[in-house]
Amino acid sequence: MLVAPSIPAPETSAAPQPDWLPRPQLLALLDKAGHYKLTSLQAPAGSGKTTLLSQWHRQNQERHPMAWLKLEPAHNDPVRFFSDLIAAIRVVHPGFDAYYLNQLADDMEFSVDAISESLRQGFAALPGELFVLLDDYQFIAAPAIHRTLADVLLHLPHPVHFVIASRTHPPLQLSRLKLEDELLLLDIHDLRWEPGEIEALARRLNGANLDSDDVSQLAQMTEGWIAGIKLILLSSARSERQPLQQHVNGNHPEVIQYLADAVLEQQTPAVRDFLLQTSVLETLEADLCNRLLDIPNAQQLLELLMANQLFIQAVDGPRQGYRYHSLFRDFLQHRLRVEDPQKIPLLHRRAADWYVAQEEYVRALELLRAIDDSAGMQAVMQQCAEHWIRRGELDVLVEWANQLPDEDLVTQSDIAFPFIAGLLFSRRFNQATYFLAEMGRHQQQGTLQGRYADADAMQFLHCVLELFQRDTDFMHNPLYQAEATLSRHHDLRLFYRAMRAYHHLLNGRYDQAAVEAQRAKDFLSQNGHDYLSSFADLILVLTERAQGRMSAAVYRAEQAFRERQHAPMTPGWVNSATSIAVIRYEQNRVDETEKMLRELMSRVSSACATEVISVNYCMLARIRFQQGHEREALRLLDYLARVLQHGNYERFASQIALERVLHAVAIDDADMLARVERDYALQEKLAAGYWSEQASHDECRERLGIALALVLQNRGDLDAAESILQQLCRVTQHQGCVFRWAICRTNLALLLWRRQDEAGALRLLRDTMRESHLTCFGRTLFDEAPGAAHLLRRALETGVIKPLPAPYLEMFGPLLAAPDSAPPEEPGPAAEVLTDKESEILRLLQAGASNKEVSRCAGISLATAKWHLKNIYAKLGVGNRTDAVSKARHLRLLPEKTV
């Protein structure tokens, strides 16, 4: 079976495990899962649920696609649960169209309706059948997960089937499924082992036959519970002095208790102490065990336990490790609490110290939390908070800092400072503002301790708050134009360098941005700040692209990505991978870009920079729209808009506005264009001189300007559109933003074409290519200047532009050859005569009426209106309403519009 990366898979080796026995009758029963929406395996621990699912998979993996998700306690978080579920399904169905969209905003309320709808749509669009296997569902207690999954199960299409294994009854409205005959229930009675199976297992484990009385008694006393059967058989094999009957007296719990006692008591004192004391560990490593027990031979003892099958097994990982069987570990821990309870805190602290030395801080904190050692946790947090900040593991930092008492947080600046920074990076502004005020109060009272107990640190946190919550204020803050060090703290000066570089980038000071970003990268790398160093790399890539130096942008992106290939999926890798995705998209390597973005989606979280979140979501939305998945594309943009509501993100919101307009132009959706125009107050901005007063380049104004220019052209108001585009061209050229200037000028050339000035349009396109760089004519230009591919193709056909280099044609040849939302062709001898109703509709189009308004004003249904529009387009030889109005004017079927 294939599963998503990092999702544990069942054993798929062809060789059976030592105690693996097929159970044909039970497997045949499980085969009926294909007739039900849900198959539920409900049985206690050790009943063989996972083994049964593995056996069933072995027999069916070639015939049925199966997505397996082994659940853990961490999956009780809806973010983790649905992200991993979707990732597992995409391994067997890569085109599965569903997203867990709440993974970004940790402080946003979980939406059952949103994820239910997303999953239902994804399942409905699957090309074939799918079995989804959820193992160990007993770890799930979150009501939101139960409600969402129950809703999905009730609406599953026929080819999709869920199989859920759990120790407890899952609250998933099973009664309703049962009434609808959509539930197959297997419980402990079905999983119970029969005498014949027990006898075969005894031969496999002990190499000896049991007489019928022993088998019968064993089946009766264990009630067919496989874990108890196996434990007893193994115990009897090691206890040659006692017959099997001595091991099966009393009811079920007493049998297991007796067995555990017998196993433990038969060990030497050294092994017995080793078992008890190492039971505090989830994973056993030789060095750790040596430190814990102050012994030199832990590796030999671990190998001895493995050789004797003392309920221990090896675990996968970068280092060799082992773990106890969960039932056996539970018993050992209970016995340790009874025999030597005062040693437990010492063992936990020793193990925590070892993990701290290995920089495995989470495991150390888990051990200290288990003994309620808040002082120890605070001490560890003081060591690891800065480590997590440097690596960009802000979600982990916030999670563990939140478990400390508030008083410990706000009085110890070594924890409070990185904690608040993590909250700000994660856009948890309400919580951050509260703790920032409390920290400031203690700083003023002189009760704040640690390295950051001064006004410099407080000022820095307020600057970060401005950066993440009010990007417009950040852009105009003169603080970042100064060359002063800004803080006496070395680490803060490094942070400020990256912030200053970003400030220069947003204000179009590209040379300064490049210098500051390079300095920031050098200093941050030398001081171990990988996360901010990778963000400086991203700034450098964006700076080079803005200036039209695409070769340099490619080089920087590739270099940064190579530097982090050894640490995939880390926050620094996310920043570098985002740079690579941007570059590959510009090179029209769309398939590679989509693959990269899908990898990134599982890692883009609330702790990522807003720049990274916005780039990834907008780029994937654009690709999905190009591939015909309009609903998914708009859903991605809708969710990004929800994330941005937590701050004043005008620049990123303007990108969403432009994306919506580009989508609407491509599908000729006048209603969507009108909504964008209204939602972003574009007409109000135009009337207030929003673009005419622009003196320096501002990405927000430029994106909204292009969006409004496209809206106006669609309405036929070419003069107003031209005025906006000319202003954008002046500003971008003056600022040296070659990349965006080329896009604005190409839109201006397309406007000339719509005025039927082909010669002027082609000359302007030619001059734009000469004055910028050919690499500026990347995929973004063709996207944000709709019709550019057709115009460039026409320029090549007429010889206005010389043949393009072979490498460029290799990348963009398919785009240039493919039909697009092309500008109208030159008019033929005469257009077909329009009917009176078509002429009426054409006049409504000139007035800017939407499809619904056309339907209402013309007194026809919406479907009839759309039918008339198609006829009008066909007769005029155009592809959208803008070109229809322009062509009709050229043919004098409409009067020229006066402004």
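## Helix 27 against helix 29

A crossing is called left-handed if the near helix is turned anticlockwise from the far one by less than a right angle, and right-handed if clockwise. By that rule, helix 27 passes helix 29 in a left-handed crossing. The model you are looking at is predicted, so local features need pLDDT of at least 70 and side-chain atom pairs count only at pLDDT 80 or more, while totals for chains, interfaces and linings use all residues. Residues are numbered from 1 along each chain as its sequence is written, and side-chain values use heavy atoms, with hydrogens and water left out.

The axes of helix 27 (residues 530-546) and helix 29 come within 7 Å and cross at roughly 15 degrees. That makes helix 27 roughly parallel to helix 29 (angles under 35 degrees count as roughly parallel, over 145 as roughly antiparallel, 65 to 115 as roughly perpendicular and the rest as oblique). Axes here are lines fitted to C-alpha atoms, for helices over the stretch in contact, and angles run from 0 to 180 degrees between N-to-C directions. On the helix 27 side, the contact is made by D530, Y531, S534, F535, L538, V541 and R545; helix 29 brings P571, G572, N575, S576, S579, V582, I583 and E586. Contact means heavy atoms within 4.5 Å. Sorted by class, this contact has 7 nonpolar, 5 polar and 3 charged residues (Ala, Val, Leu, Ile, Met, Phe, Trp, Tyr, Cys and Pro count as nonpolar, Asp, Glu, Lys and Arg as charged, and the others, Gly among them, as polar).

## The overall picture

Stepping back, the protein has 46 helices and 7 strands. Both are DSSP runs numbered from the N terminus: helices are H or I with at least four residues, strands E with at least two. Of the 899 residues in the protein, 57% are buried (buried means under 20% relative accessible area, exposed over 50%, partly exposed in between, with a 1.4 Å probe and protein chains only). Among contacts with a separation of 6 or more, 68% join residues 24 or more positions apart.

## Helix 33 against helix 36

Another helix pair to look at is helix 33 (residues 650-667) with helix 36 (residues 699-715), which pack at an angle of about 20 degrees with their axes 8 Å apart. That makes helix 33 roughly parallel to helix 36, and their crossing is left-handed.

Helix 33 contributes E650, R651, S654, Q655, A657, L658, V661, L662 and V665 to the contact. From helix 36 come E699, C700, R703, L704, I706, A707, L710 and V711. The class count for this contact is 11 nonpolar, 2 polar and 4 charged residues.

## Aromatic pairs

Rings of Phe, Tyr and Trp (its six-membered ring) pair if their centres lie within 6.5 Å; planes under 30 degrees apart count as stacked, over 60 as edge-to-face and the rest as tilted. By this rule the count comes to 19 aromatic pairs. One of them is F561 with W573, a tilted pair at 6.1 Å centre to centre and 45 degrees between the planes. F561 lies in helix 28 (residues 550-563) and W573 in helix 29 (residues 571-586), so the pair ties together parts that are 12 residues apart in sequence. F561 is buried at 10% relative accessibility, and W573 is buried at 4%.

Y617 and Y639 also form a tilted pair, 6.2 Å centre to centre with 40 degrees between the planes. Since Y617 sits in helix 31 (residues 610-626) and Y639 in helix 32 (residues 630-644), the pair ties together parts that are 22 residues apart in sequence. Y617 is buried at 0% relative accessibility, and Y639 is buried at 2%. Elsewhere, ring pairs link F417, Y452, F460, F495 and Y496 into a cluster.

## Individual residues worth a look

Q378 belongs to helix 18 (residues 374-391) and is buried, with a relative accessible area of 16%. Leaving aside residues up to four places away in sequence, Q378 touches L404, D408, Q412 and I415. L834 lies in the loop between helix 42 (806-817) and helix 43 (836-846) and is buried at 13%. L834 and K875 are 41 residues apart in sequence, yet 7.7 Å apart in space, C-alpha to C-alpha.

Most residues other than glycine have a negative phi. D181, in the loop between helix 6 (174-179) and strand 5 (183-187), has a positive phi near 55 degrees and is exposed at 53% relative accessible area. Q756 has a positive phi of about 70 degrees; this residue is in the loop between helix 38 (738-754) and helix 39 (758-771) and counts as buried at 14% relative accessibility.
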